[in-house]
Amino acid sequence: MKIFPAIDLKDNKCVRLNKGEDNTSVVFNTDPVEQAKFFENQGCSRLHLVDLDSAFGRKNINYESIKKIRNAIKIPIQIGGGIRSEEVVKNYFDLGADYLIIGSFAVTNS
């Protein structure tokens with residue numbers, strides 16, 4: 001079994017949602033790069049990032065934070081949340097994402 005830490009991003013902050021509801025976010029860290037470095041320094045072998053804003057239809061809010069995380073750590077990153085087009089897939093791979101988690105895009109564009 002492999003366990004990967006996750007950072008849920010909303011408004012460029014690390015958050016958790018209550019029951020997945022958009023308006024229930026609790027901020028755990030205002031610096032996602034710092035949080036990513038912490039996980040890497042603890043020996044984690046991969047980092048899972050969830051772009052909650054994109055998942056709720058608000059595009060490009062966390063893109064710069066994800067880019068900064070990619071540039072700050074060496075471990076692979078996987079990204080999910082709001083990946084609904086080939087353009088977004090290309091942007092994330094161009095950014096340096098190692099893995100993408102896609103849901104409805106995989107089914108609706110097969």
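A: Two strands are said to pair if DSSP finds at least two bridges between them. Strands (E, at least two residues) and helices (H or I, at least four) are DSSP runs, numbered from the N terminus. The model is predicted, so local features are reported at pLDDT of at least 70 and side-chain atom pairs at pLDDT 80 or more, while totals for chains, interfaces and linings use all residues. Residues are numbered from 1 along each chain as its sequence is written, and side-chain values use heavy atoms, without hydrogens or water.

Q: How many strands form the open sheet, and in what order do they stand?

A: The open sheet is formed by six strands in the order β3-β2-β1-β4-β5-β6, and their pairing is mixed. At its edges lie β3 (26-29) and β6 (99-101), each of which pairs on one side only. Direction ignored, neighbouring strands of this sheet are turned against each other by 40 degrees on average; the angle is taken between axes, lines fitted to C-alpha atoms (for helices over the stretch in contact), and angles between N-to-C directions run from 0 to 180 degrees.

Q: Which helix packs on the sheet, and which strands are touched?

A: Helix α1 (residues 32-41) packs there and touches β1, β2 (13-16), β3 and β4. A touch here is a contact, that is, heavy atoms within 4.5 Å. The direction of α1 makes about 175 degrees with that of β1.

Q: In which sense do β1 and β4 pair, and over how many bridges?

A: Strand β1 (residues 6-10) and strand β4 (residues 47-51) pair in the parallel sense, over four bridges. Two positions illustrate this pairing. D8 has V50 of β4 as its bridge partner, and L9 stands opposite D51 in β4.

Q: In which sense does β4 pair with β5?

A: The pairing of β4 with strand β5 (residues 77-80) is parallel and has four bridges. V50 takes part here too, with G80 in β5 as its bridge partner.

Q: Is β4 largely enclosed or open, and which way do its residues point?

A: In a regular strand the side chains alternate between the two faces of the sheet. In β4, L47, L49 and D51 point one way, whereas H48 and V50 point the other way. Five of the five residues of β4 are buried, so the rest of the structure largely encloses this strand. Buried means under 20% relative accessible area, exposed means over 50%, and partly exposed lies in between (1.4 Å probe, protein chains only).

Q: What can be said of the backbone angle phi at D11 and at K19?

A: Phi of D11 is near 55 degrees, a positive value in a residue other than glycine. D11 belongs to the loop between β1 and β2, and at 42% relative accessibility D11 is classed as partly exposed. K19, also not a glycine, has a positive phi of about 55 degrees. The loop between β2 and β3 holds K19; because its relative accessible area is 73%, K19 is exposed.

Q: Where is Y99, and which residues does Y99 touch?

A: Y99 is in strand β6. Its relative accessibility is 36%, so Y99 counts as partly exposed. Leaving aside residues up to four places away in sequence, Y99 touches R46, P76, I77, Q78 and I79. The C-alpha atoms of Y99 and N62 are separated by 17 Å, and these two residues are 37 residues apart along the chain.
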